[in-house]
Amino acid sequence: EGLSTQIKRRRMSGKAWKPPTKVEALYAALDGNRFAGINRPTAGARTEEALAVGDAGLQLYSLATPNGQKVGILLEELKAARGVEYDAHVTRLGGDQFARGFVNVNPNSKIPSLVDRAPGDGGAPIDLFESGSIMVYLADKYKMFIPSNPRKRAECLNWVMWQMAGQGPITGAGFGHFFAYAPGHLERDYPVARYGMEVKRLCSVLDNHLATREFICGSEYTIADMICLPWFHMLRSEGYVHAGSGIKAGDFLSVADYKHLTRWADALVARGPVARGLLVCRKHPKPWLVDDRFRHLAAKL
């Protein structure tokens, strides 16, 4: 019996879904979700710990997830090009993001967050959150990796917003969640098909765009490249893996079929700053300084 027949049979035998009068009645259905223990419908601090602070002007609070990697890449590119120093602090998602110090910087309790303790105006530290906001701020501050020409800048920001509004949420909160993290007993055909198809469409958008371009903005390497790389790279590398079958998201989605996207990603990952940026806050603030597997990357500084 084919999979499509099985799906049709389940549809025919199932009852139409009817919501309860309040969403709270559904919260028990989250049991078994990998993050069920920390998810709540309310925001705010849960503990009183302060943030660790180093000596550098820029203080990064992050983790080596695709969202964190975006800012890690930019900081390493700025370090390589201009000697910009930063301290990185590993922020584990089991609760670090709900500490008072972190919430004071980012009321949304998400990584990455950054504090600029030496802003250009000489005033008080500037708190930054949301990866796109952080990257635009840093690119503007150091006048690097964002075009100065208004037309080219607009093109760059188009892709930054495309990534923030589409590629990231659809790949992670949509497809990745249901493919790898949702409770194992749940029927997942619909959400995995819905979000999986959209991930493939978004890959196609970028693949088509890169067919005639070296980088997303043509011949100029920008924050648009840095922000769009990590989610695609995650899919094609360690990616999401379905626990019950071992099926990897990259194979499931056939991401190797996107030849122009793959060529572009290969070229970016070959850059020393990008390779290091992908590792920032992976168990250690800067793993290439302490982990023998990555020490060769320090030689590319």
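Colleague: Let's start in helix H6 (residues 189-209): what separates glutamate 198 and arginine 201 there?

Modeller: About one helical turn, because the two sit three residues apart in that helix. Keep in mind as we go that this is a predicted model.

Colleague: And how do the side chains of glutamate 198 and arginine 201 meet?

Modeller: General idea to begin with: side chains of opposite charge can pair when their charged atoms come close. Here, glutamate 198 and arginine 201 form a salt bridge, with 2.8 Å from N to O.

Colleague: Are the two partners buried or exposed?

Modeller: They get separate labels. Glutamate 198 is buried, at 17% relative accessible area, since buried means under 20%. Arginine 201 has 44% relative accessibility and counts as partly exposed.

Colleague: Which residue does arginine 236 meet in a salt bridge?

Modeller: Aspartate 266, again with 2.8 Å from N to O. That pair links distant parts of the chain: arginine 236 belongs to helix H7 (residues 223-236), while aspartate 266 belongs to helix H9 (residues 259-269), 30 residues apart. Both are partly exposed, with arginine 236 at 26% relative accessible area and aspartate 266 at 41%.

Colleague: How many salt bridges does a search of the whole structure find?

Modeller: Ten. One of them joins aspartate 292 to arginine 295, at 2.6 Å from N to O. Aspartate 292 counts as exposed, with 63% relative accessibility, and arginine 295 is partly exposed at 40%.

Colleague: What about disulfides: how many does the search find?

Modeller: Zero in the whole structure. To read this feature, look at the gap between sulfur atoms: a disulfide needs two cysteine sulfurs within 2.5 Å. Take cysteine 228: its closest cysteine sulfur is in cysteine 217, and at 9.0 Å that is too far for a bond. Cysteine 228 is also buried, with 0% relative accessible area.

Colleague: Now a strand. Where does alanine 88 lie, and what does it touch?

Modeller: Alanine 88 is in strand E2 (residues 86-90). Leaving out residues up to four places away in sequence, alanine 88 touches Leu60, Val280, Cys281 and Pro285. Alanine 88 is buried at 9% relative accessible area, and cysteine 281, one of the residues it touches, is buried too, at 1% relative accessibility.

Colleague: What lies on the surface that is nonpolar?

Modeller: A patch formed by Trp17, Val23, Leu26, Tyr27 and Leu30, with about 510 Å² of accessible area together. Tryptophan 17 has its place in the loop between helix H1 (3-13) and strand E1 (58-62). With 65% relative accessibility, tryptophan 17 counts as exposed, because the exposed label takes anything over 50%.

Colleague: Let's zoom out. How many helices and strands does the protein chain have?

Modeller: Ten helices and four strands. From the N terminus on, their order is α-β-α-β-α-β-β-α-α-α-α-α-α-α.

Colleague: How does the chain's radius of gyration fit a compact globule?

Modeller: For 301 residues, a compact globule would come near 19 Å; the chain has 21 Å, which agrees. Along the principal axes, the C-alpha atoms fill a box of roughly 65 × 50 × 45 Å.

Key: Residues are numbered from 1 along each chain as its sequence is written. This is a predicted model: local features need pLDDT of at least 70, side-chain atom pairs count only at pLDDT 80 or more; totals for chains, interfaces and linings use all residues. Side-chain values use heavy atoms; hydrogens and water are left out. Patches are made of residues with over 30% relative accessible area and no salt bridge: like charges are joined within 9 Å, nonpolar side chains (Val, Leu, Ile, Met, Phe, Trp, Tyr) within 5 Å. Accessible areas come from the Shrake-Rupley method with a 1.4 Å probe; for residues, only the protein chains shown count as cover. A salt bridge is a side-chain nitrogen of Lys or Arg within 4 Å of a carboxyl oxygen of Asp or Glu. Buried means under 20% relative accessible area, exposed over 50%, partly exposed in between (1.4 Å probe, protein chains only). The radius of gyration is taken over C-alpha atoms; the globule rule is 2.2 Å times the number of residues to the power 0.38. Contact means heavy atoms within 4.5 Å.
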